[in-house]
Amino acid sequence: MSKPILSRLKAETLMFVGLVAAIIAFSIEHAIVEAGQMASLIGAVVLIGVIVGVSMQVAHHAEVLAHKVGEPYGTMILTLSAVAVEVIILAIMMSNGASPTLVRDTIYSAVMLDINGLIGLAALLGGIKHGEQPYNDDSGKTYSVMILTAMSISMIVPEFVPVDRWHYYSVFTIGAMIMLYALFLRRQIGEHSYFFSYVYPRAEGEEEEEEVHGSVPVSIGWLIAGVVLIGAIAEVMSQLLNHGLEGTGAPVALAAIVVAAISAAPEILTALRSALANRMQAVINIALGASLSTVILTVPVMEAIALYTGQPFVMAMTPAQTTMVAVTLIAAAINLNDGETNAIEGMTHFVLFATFLMLSFIGL
(Lines give C-alpha, C1' and ligand atoms only; values in the text may rest on other atoms or scores of the structure.)
Protein backbone atom coordinates (compact mmCIF):
# COMPACT_ATOMS: atom_id res chain seq x y z
CA MET A 1 0.00 0.00 0.00
CA SER A 2 1.49 3.34 -1.07
CA LYS A 3 2.42 6.01 1.47
CA PRO A 4 -0.19 8.55 0.20
CA ILE A 5 -2.98 6.00 0.75
CA LEU A 6 -1.65 5.10 4.21
CA SER A 7 -1.44 8.79 5.04
CA ARG A 8 -5.04 9.40 3.97
CA LEU A 9 -6.28 6.41 5.97
CA LYS A 10 -4.34 7.58 9.02
CA ALA A 11 -6.10 10.95 8.74
CA GLU A 12 -9.40 9.09 9.16
CA THR A 13 -8.42 7.57 12.52
CA LEU A 14 -11.53 8.99 14.22
CA MET A 15 -13.74 7.28 11.65
CA PHE A 16 -12.10 3.92 12.27
CA VAL A 17 -12.31 4.42 16.04
CA GLY A 18 -16.03 5.10 15.59
CA LEU A 19 -16.46 1.94 13.51
CA VAL A 20 -14.71 -0.22 16.12
CA ALA A 21 -16.73 1.44 18.90
CA ALA A 22 -19.98 0.77 17.02
CA ILE A 23 -19.13 -2.93 16.58
CA ILE A 24 -18.19 -3.32 20.25
CA ALA A 25 -21.23 -1.35 21.43
CA PHE A 26 -23.68 -3.51 19.47
CA SER A 27 -21.93 -6.65 20.76
CA ILE A 28 -22.06 -5.81 24.48
CA GLU A 29 -25.10 -3.50 24.69
CA HIS A 30 -27.24 -5.96 26.61
CA ALA A 31 -24.39 -6.85 28.96
CA ILE A 32 -23.91 -3.16 29.80
CA VAL A 33 -27.63 -2.69 30.49
CA GLU A 34 -27.68 -5.77 32.74
CA ALA A 35 -24.66 -4.39 34.64
CA GLY A 36 -26.79 -1.56 36.01
CA GLN A 37 -27.55 2.13 35.57
CA MET A 38 -24.04 3.36 36.35
CA ALA A 39 -22.53 1.08 33.69
CA SER A 40 -25.16 2.27 31.20
CA LEU A 41 -24.45 5.90 31.99
CA ILE A 42 -20.68 5.42 31.61
CA GLY A 43 -21.22 3.58 28.34
CA ALA A 44 -23.47 6.39 27.06
CA VAL A 45 -20.86 9.03 27.96
CA VAL A 46 -18.14 7.06 26.14
CA LEU A 47 -20.33 6.72 23.04
CA ILE A 48 -21.20 10.42 23.15
CA GLY A 49 -17.47 11.14 23.06
CA VAL A 50 -17.07 8.80 20.09
CA ILE A 51 -19.98 10.47 18.28
CA VAL A 52 -18.40 13.89 18.85
CA GLY A 53 -15.10 12.57 17.44
CA VAL A 54 -16.78 11.18 14.32
CA SER A 55 -18.81 14.38 13.89
CA MET A 56 -15.53 16.35 14.02
CA GLN A 57 -14.29 14.27 11.10
CA VAL A 58 -17.58 14.82 9.27
CA ALA A 59 -17.13 18.56 9.84
CA HIS A 60 -13.56 18.33 8.49
CA HIS A 61 -14.79 16.87 5.22
CA ALA A 62 -17.58 19.44 5.13
CA GLU A 63 -14.92 22.14 5.51
CA VAL A 64 -12.91 20.63 2.63
CA LEU A 65 -16.01 20.83 0.45
CA ALA A 66 -16.70 24.34 1.77
CA HIS A 67 -13.27 25.60 0.72
CA LYS A 68 -13.65 23.99 -2.69
CA VAL A 69 -17.02 25.57 -3.48
CA GLY A 70 -16.65 28.86 -1.57
CA GLU A 71 -19.29 30.92 0.25
CA PRO A 72 -22.20 30.79 0.82
CA TYR A 73 -22.17 27.15 -0.31
CA GLY A 74 -19.45 26.27 2.19
CA THR A 75 -21.41 27.30 5.24
CA MET A 76 -24.49 25.53 3.87
CA ILE A 77 -22.58 22.25 3.60
CA LEU A 78 -21.22 22.60 7.13
CA THR A 79 -24.58 23.42 8.71
CA LEU A 80 -26.51 20.84 6.69
CA SER A 81 -24.11 18.09 7.75
CA ALA A 82 -24.66 19.10 11.39
CA VAL A 83 -28.45 19.07 10.91
CA ALA A 84 -28.25 15.63 9.30
CA VAL A 85 -26.44 14.32 12.38
CA GLU A 86 -29.05 15.94 14.65
CA VAL A 87 -32.05 14.58 12.73
CA ILE A 88 -30.65 11.04 12.70
CA ILE A 89 -29.98 11.07 16.45
CA LEU A 90 -33.41 12.57 17.18
CA ALA A 91 -35.25 10.05 14.99
CA ILE A 92 -33.45 7.15 16.66
CA MET A 93 -34.04 8.44 20.20
CA MET A 94 -37.73 9.14 19.48
CA SER A 95 -38.16 5.61 18.11
CA ASN A 96 -36.67 4.29 21.36
CA GLY A 97 -39.38 5.95 23.45
CA ALA A 98 -37.71 9.23 24.35
CA SER A 99 -39.63 12.12 25.92
CA PRO A 100 -42.36 13.61 23.64
CA THR A 101 -40.73 17.02 24.21
CA LEU A 102 -37.28 15.86 22.98
CA VAL A 103 -37.56 17.40 19.50
CA ARG A 104 -38.83 20.72 20.85
CA ASP A 105 -36.22 20.88 23.59
CA THR A 106 -33.41 19.93 21.18
CA ILE A 107 -34.31 22.64 18.66
CA TYR A 108 -34.66 25.18 21.46
CA SER A 109 -31.32 24.09 22.97
CA ALA A 110 -29.61 24.27 19.56
CA VAL A 111 -30.82 27.85 19.00
CA MET A 112 -29.66 28.89 22.48
CA LEU A 113 -26.31 27.17 21.94
CA ASP A 114 -25.74 28.63 18.47
CA ILE A 115 -26.92 32.22 18.97
CA ASN A 116 -26.11 32.82 22.63
CA GLY A 117 -23.34 30.33 23.31
CA LEU A 118 -21.51 30.37 19.98
CA ILE A 119 -21.91 33.99 18.92
CA GLY A 120 -21.56 35.12 22.53
CA LEU A 121 -18.27 33.33 23.18
CA ALA A 122 -16.88 34.09 19.70
CA ALA A 123 -17.72 37.81 19.89
CA LEU A 124 -16.39 37.99 23.45
CA LEU A 125 -13.04 36.33 22.70
CA GLY A 126 -12.71 37.95 19.29
CA GLY A 127 -13.62 41.34 20.74
CA ILE A 128 -11.01 41.04 23.49
CA LYS A 129 -8.36 40.17 20.90
CA HIS A 130 -9.34 42.41 17.97
CA GLY A 131 -11.78 45.02 19.30
CA GLU A 132 -14.67 45.60 16.90
CA GLN A 133 -15.02 42.85 14.30
CA PRO A 134 -16.75 43.68 11.01
CA TYR A 135 -19.15 41.51 9.00
CA ASN A 136 -21.98 42.00 6.49
CA ASP A 137 -24.98 43.20 8.52
CA ASP A 138 -27.38 42.00 5.80
CA SER A 139 -26.65 38.42 6.83
CA GLY A 140 -27.53 39.02 10.49
CA LYS A 141 -30.79 40.73 9.62
CA THR A 142 -31.84 38.10 7.08
CA TYR A 143 -31.03 35.13 9.30
CA SER A 144 -32.71 36.70 12.36
CA VAL A 145 -36.06 37.38 10.67
CA MET A 146 -36.07 33.90 9.13
CA ILE A 147 -35.39 32.26 12.50
CA LEU A 148 -38.10 34.36 14.17
CA THR A 149 -40.65 33.41 11.50
CA ALA A 150 -39.77 29.71 11.48
CA MET A 151 -39.81 29.37 15.28
CA SER A 152 -43.08 31.28 15.59
CA ILE A 153 -44.83 29.04 13.08
CA SER A 154 -43.46 25.75 14.37
CA MET A 155 -42.94 26.28 18.12
CA ILE A 156 -45.19 29.11 19.37
CA VAL A 157 -48.41 28.84 17.34
CA PRO A 158 -48.81 25.06 18.10
CA GLU A 159 -49.71 26.06 21.68
CA PHE A 160 -53.09 27.21 20.30
CA VAL A 161 -53.76 24.26 17.99
CA PRO A 162 -56.37 21.77 19.32
CA VAL A 163 -54.98 18.28 19.92
CA ASP A 164 -57.49 16.66 17.54
CA ARG A 165 -56.32 18.90 14.67
CA TRP A 166 -52.56 18.50 14.99
CA HIS A 167 -52.46 16.50 11.72
CA TYR A 168 -53.69 19.48 9.70
CA TYR A 169 -51.29 21.91 11.30
CA SER A 170 -48.38 19.48 10.91
CA VAL A 171 -49.03 19.27 7.17
CA PHE A 172 -49.22 23.07 7.00
CA THR A 173 -45.99 23.41 9.00
CA ILE A 174 -44.14 21.04 6.68
CA GLY A 175 -45.30 23.00 3.63
CA ALA A 176 -44.50 26.37 5.20
CA MET A 177 -40.96 25.31 6.22
CA ILE A 178 -40.24 23.89 2.77
CA MET A 179 -41.46 27.06 1.03
CA LEU A 180 -39.50 29.32 3.38
CA TYR A 181 -36.28 27.39 2.97
CA ALA A 182 -36.67 26.93 -0.79
CA LEU A 183 -37.00 30.68 -1.35
CA PHE A 184 -34.25 31.47 1.16
CA LEU A 185 -31.90 28.94 -0.46
CA ARG A 186 -32.62 30.26 -3.95
CA ARG A 187 -31.82 33.82 -2.87
CA GLN A 188 -28.84 32.80 -0.76
CA ILE A 189 -27.07 31.13 -3.68
CA GLY A 190 -28.46 33.58 -6.24
CA GLU A 191 -28.95 37.33 -6.36
CA HIS A 192 -28.60 37.81 -2.60
CA SER A 193 -25.47 35.70 -2.12
CA TYR A 194 -23.51 38.86 -1.33
CA PHE A 195 -25.58 39.19 1.88
CA PHE A 196 -23.56 36.32 3.35
CA SER A 197 -20.03 37.29 2.41
CA TYR A 198 -17.56 39.95 3.49
CA VAL A 199 -14.31 40.97 1.83
CA TYR A 200 -11.61 41.38 4.45
CA PRO A 201 -8.66 43.59 3.53
CA ARG A 202 -5.37 41.70 3.63
CA ALA A 203 -3.01 43.15 6.20
CA GLU A 204 0.51 43.95 5.10
CA GLY A 205 2.71 40.89 5.38
CA GLU A 206 -0.27 38.61 6.02
CA GLU A 207 0.18 35.18 4.49
CA GLU A 208 -2.39 33.69 2.17
CA GLU A 209 -4.77 31.12 3.62
CA GLU A 210 -3.32 27.66 3.76
CA GLU A 211 -4.51 25.52 0.89
CA VAL A 212 -6.99 22.86 1.93
CA HIS A 213 -6.10 19.49 0.47
CA GLY A 214 -8.65 16.86 -0.32
CA SER A 215 -10.72 15.37 -3.11
CA VAL A 216 -14.36 16.39 -3.43
CA PRO A 217 -15.67 12.86 -4.21
CA VAL A 218 -13.58 11.34 -1.38
CA SER A 219 -14.80 13.96 1.09
CA ILE A 220 -18.41 13.38 0.05
CA GLY A 221 -17.93 9.63 0.56
CA TRP A 222 -16.39 10.04 4.01
CA LEU A 223 -19.06 12.59 4.98
CA ILE A 224 -21.88 10.18 4.12
CA ALA A 225 -20.09 7.30 5.84
CA GLY A 226 -19.62 9.42 8.95
CA VAL A 227 -23.29 10.36 9.16
CA VAL A 228 -24.34 6.71 8.79
CA LEU A 229 -21.80 5.68 11.44
CA ILE A 230 -23.12 8.32 13.84
CA GLY A 231 -26.62 6.96 13.36
CA ALA A 232 -25.47 3.44 14.23
CA ILE A 233 -23.64 4.56 17.38
CA ALA A 234 -26.58 6.77 18.40
CA GLU A 235 -28.87 3.72 18.35
CA VAL A 236 -26.93 2.13 21.22
CA MET A 237 -26.15 5.44 22.93
CA SER A 238 -29.83 6.38 23.20
CA GLN A 239 -30.70 3.03 24.81
CA LEU A 240 -27.88 3.33 27.35
CA LEU A 241 -28.64 6.98 28.08
CA ASN A 242 -32.34 6.31 28.68
CA HIS A 243 -31.54 3.42 31.01
CA GLY A 244 -28.77 5.33 32.78
CA LEU A 245 -30.93 8.39 33.50
CA GLU A 246 -34.11 6.50 34.42
CA GLY A 247 -35.27 7.44 37.89
CA THR A 248 -32.26 9.68 38.61
CA GLY A 249 -34.18 12.94 38.70
CA ALA A 250 -31.97 14.43 35.97
CA PRO A 251 -33.46 17.46 34.14
CA VAL A 252 -35.86 16.43 31.39
CA ALA A 253 -34.01 18.63 28.90
CA LEU A 254 -30.61 17.01 29.56
CA ALA A 255 -30.91 14.57 26.66
CA ALA A 256 -31.92 17.45 24.36
CA ILE A 257 -28.90 19.53 25.40
CA VAL A 258 -26.65 16.53 24.77
CA VAL A 259 -28.04 16.05 21.24
CA ALA A 260 -27.72 19.77 20.46
CA ALA A 261 -24.15 19.86 21.81
CA ILE A 262 -23.14 16.80 19.77
CA SER A 263 -24.33 18.32 16.50
CA ALA A 264 -22.87 21.75 17.32
CA ALA A 265 -19.44 20.59 18.52
CA PRO A 266 -17.68 20.86 15.13
CA GLU A 267 -19.34 24.21 14.42
CA ILE A 268 -18.15 25.63 17.75
CA LEU A 269 -14.50 24.87 17.02
CA THR A 270 -14.72 26.23 13.48
CA ALA A 271 -16.48 29.41 14.62
CA LEU A 272 -14.05 30.10 17.47
CA ARG A 273 -11.07 29.69 15.11
CA SER A 274 -12.73 32.16 12.73
CA ALA A 275 -13.40 34.70 15.50
CA LEU A 276 -9.81 34.58 16.75
CA ALA A 277 -8.65 35.03 13.15
CA ASN A 278 -10.87 38.15 12.92
CA ARG A 279 -13.26 36.52 10.45
CA MET A 280 -16.59 37.29 12.12
CA GLN A 281 -18.61 36.76 8.94
CA ALA A 282 -17.90 33.04 9.15
CA VAL A 283 -19.11 33.03 12.77
CA ILE A 284 -22.39 34.76 11.83
CA ASN A 285 -22.95 32.40 8.90
CA ILE A 286 -22.21 29.30 10.97
CA ALA A 287 -24.15 30.24 14.13
CA LEU A 288 -27.24 31.78 12.55
CA GLY A 289 -27.16 29.43 9.57
CA ALA A 290 -27.06 26.43 11.91
CA SER A 291 -29.94 27.84 13.98
CA LEU A 292 -32.07 28.43 10.90
CA SER A 293 -31.25 25.02 9.42
CA THR A 294 -32.04 23.30 12.71
CA VAL A 295 -35.52 24.87 12.87
CA ILE A 296 -36.48 24.95 9.23
CA LEU A 297 -35.19 21.47 8.30
CA THR A 298 -35.51 19.43 11.49
CA VAL A 299 -39.15 20.43 12.06
CA PRO A 300 -40.58 19.18 8.73
CA VAL A 301 -38.62 15.92 8.90
CA MET A 302 -39.76 15.14 12.44
CA GLU A 303 -43.32 16.29 11.71
CA ALA A 304 -43.40 13.96 8.70
CA ILE A 305 -42.22 11.07 10.89
CA ALA A 306 -44.96 11.90 13.42
CA LEU A 307 -47.62 11.90 10.69
CA TYR A 308 -46.33 8.59 9.32
CA THR A 309 -46.25 6.86 12.71
CA GLY A 310 -49.38 8.57 14.03
CA GLN A 311 -47.55 9.51 17.22
CA PRO A 312 -47.56 13.31 17.76
CA PHE A 313 -44.95 15.02 19.90
CA VAL A 314 -45.01 18.30 21.78
CA MET A 315 -43.66 21.25 19.75
CA ALA A 316 -45.17 24.20 21.65
CA MET A 317 -42.52 25.87 23.81
CA THR A 318 -43.02 26.52 27.51
CA PRO A 319 -43.49 30.13 28.68
CA ALA A 320 -39.87 30.21 29.90
CA GLN A 321 -38.58 28.92 26.56
CA THR A 322 -40.71 31.40 24.60
CA THR A 323 -39.41 34.25 26.75
CA MET A 324 -35.79 33.19 26.27
CA VAL A 325 -36.20 32.90 22.49
CA ALA A 326 -37.88 36.32 22.32
CA VAL A 327 -35.15 38.01 24.40
CA THR A 328 -32.44 36.24 22.40
CA LEU A 329 -33.80 37.32 19.01
CA ILE A 330 -34.40 40.90 20.22
CA ALA A 331 -30.82 41.06 21.51
CA ALA A 332 -29.54 39.60 18.24
CA ALA A 333 -31.57 42.10 16.20
CA ILE A 334 -29.99 44.98 18.15
CA ASN A 335 -26.45 43.60 18.35
CA LEU A 336 -26.27 42.40 14.75
CA ASN A 337 -27.68 45.58 13.22
CA ASP A 338 -24.52 47.65 12.69
CA GLY A 339 -22.09 45.33 10.92
CA GLU A 340 -19.64 45.06 13.84
CA THR A 341 -19.46 42.94 16.97
CA ASN A 342 -17.54 43.63 20.17
CA ALA A 343 -16.83 42.05 23.54
CA ILE A 344 -19.78 43.78 25.25
CA GLU A 345 -22.25 42.36 22.73
CA GLY A 346 -20.61 38.98 23.10
CA MET A 347 -21.01 39.09 26.87
CA THR A 348 -24.74 39.90 26.62
CA HIS A 349 -25.35 36.76 24.57
CA PHE A 350 -23.08 34.62 26.72
CA VAL A 351 -24.99 35.67 29.86
CA LEU A 352 -28.22 34.68 28.11
CA PHE A 353 -26.62 31.30 27.38
CA ALA A 354 -25.73 30.90 31.05
CA THR A 355 -29.35 31.78 31.91
CA PHE A 356 -30.56 29.08 29.53
CA LEU A 357 -28.35 26.50 31.27
CA MET A 358 -29.59 27.61 34.70
CA LEU A 359 -33.25 27.39 33.65
CA SER A 360 -32.67 23.93 32.16
CA PHE A 361 -30.97 22.79 35.35
CA ILE A 362 -33.98 23.75 37.47
CA GLY A 363 -36.38 22.17 34.99
CA LEU A 364 -37.81 25.21 33.19
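Biologist: Which residues does Thr 328 touch, not counting those up to four places away in sequence?

Modeller: In this predicted model, Thr 328 touches Met 112, Ile 115, Asn 116, His 349 and Leu 352, once residues up to four places away in sequence are set aside. Thr 328 itself has its place in helix H11, which covers residues 319–335.

Biologist: Is Thr 328 buried or exposed?

Modeller: Thr 328 is buried, because its relative accessible area is 1%, and the cut-off for that class is under 20%.

Biologist: And what does the side chain of Thr 328 reach?

Modeller: The side chain of Thr 328 reaches the backbone oxygen of Met 324, at a distance of 2.8 Å.

Biologist: Where else is there a Thr side chain that reaches a backbone oxygen at 2.8 Å?

Modeller: Thr 173 is one to look at, with a side chain that reaches the backbone oxygen of Tyr 169 at 2.8 Å. Thr 173 is placed in helix H7, and it counts as buried because its relative accessibility is 1%. Leaving aside neighbours within four places in sequence, Thr 173 is in contact with Ser 154 and Val 299. As for Pro 162, it is eleven residues from Thr 173 in sequence, and the two C-alpha atoms are 15 Å apart in space.

Biologist: What is the span of H7, end to end?

Modeller: H7 has 23 residues and reaches 32 Å from its first C-alpha to its last, which is close to the 33 Å expected at 1.5 Å a residue.

Biologist: Which residues of H7 are buried?

Modeller: The buried residues of H7 are Trp 166, Tyr 169, Ser 170, Thr 173, Ile 174, Ala 176, Met 177, Tyr 181, Phe 184 and Gln 188. As background for reading such a list, an α-helix has 3.6 residues a turn, so residues three or four places apart point the same way.

Biologist: On to the spaces, then. How much space lies in the second largest pocket?

Modeller: The second largest pocket holds about 320 Å³ of space. It is lined by 16 residues, and the closest of them to its centre are Pro 158, Trp 166, Phe 313, Val 314 and Met 315.

Biologist: Which helix gives the largest share of that lining?

Modeller: H7 does, with four residues of the lining of the second largest pocket. Helix H10, residues 280–309, and helix H7, residues 166–188, each supply at least two residues of that lining. By class, the residues lining the second largest pocket divide into twelve nonpolar, two polar and two charged.

Biologist: Val 314 came up there, so what is its distance from Val 103?

Modeller: The C-alpha atoms of Val 103 and Val 314 are 7.8 Å apart in space, while the two residues are 211 apart in sequence. Val 103 is found in helix H5, residues 102–130, and it counts as buried because its relative accessibility is 0%. Its contacts, leaving aside neighbours within four places in sequence, are with Leu 90, Met 94, Met 302, Phe 313 and Met 315.

Biologist: How many cavities of 30 Å³ or more does a search of the whole structure find?

Modeller: The search finds three cavities of 30 Å³ or more, and the largest cavity has a volume of about 70 Å³. Eleven residues line that largest cavity, and the closest to its centre are Ser 55, Ser 81, Ala 82, Ser 263 and Pro 266.

Biologist: Which helices each supply at least two residues of its lining?

Modeller: For the largest cavity, they are helix H3 (37–69), helix H4 (73–95) and helix H9 (254–276). The lining of the largest cavity has seven nonpolar, three polar and one charged residues.

Biologist: Staying with H9 for a moment, is Ala 261 buried or partly exposed?

Modeller: Ala 261, which is found in helix H9, counts as partly exposed because its relative accessibility is 35%. Further along, in the loop between H9 and H10, lies Asn 278, and its phi is near 65 degrees, a positive value in a residue other than glycine.

Biologist: Last one: what does the side chain of Ser 139 make a polar contact with?

Modeller: The side chain of Ser 139 makes a polar contact with the side chain of Gln 281, at 3.2 Å. Ser 139 lies in helix H6, residues 137–156, and it counts as buried because its relative accessibility is 0%. Not counting residues up to four places away in sequence, Ser 139 touches Phe 195, Phe 196, Gln 281, Ile 284 and Asn 285.

Conventions
Residues numbered from 1 in each chain as written. Predicted model: local features only at pLDDT ≥ 70, side-chain atom pairs only at ≥ 80, totals over all residues. Heavy atoms only, no water. 1 Å grid on protein atoms, 1.4 Å probe; cavity = no way out; pocket = protein on both sides within 12 Å on 5 of 7 lines; lining within 4 Å. Points joined across faces, edges and corners; volume = space filled by probe spheres on them. Nonpolar A, V, L, I, M, F, W, Y, C, P; charged D, E, K, R; others polar. Buried < 20%, exposed > 50% of the residue type's maximum accessible area, 1.4 Å probe, protein only. Polar contact = N/O pair within 3.5 Å; in protein donor to acceptor, adjacent residues only side chain to side chain. Contact = heavy atoms within 4.5 Å. Expected span 1.5 Å × (residues − 1).
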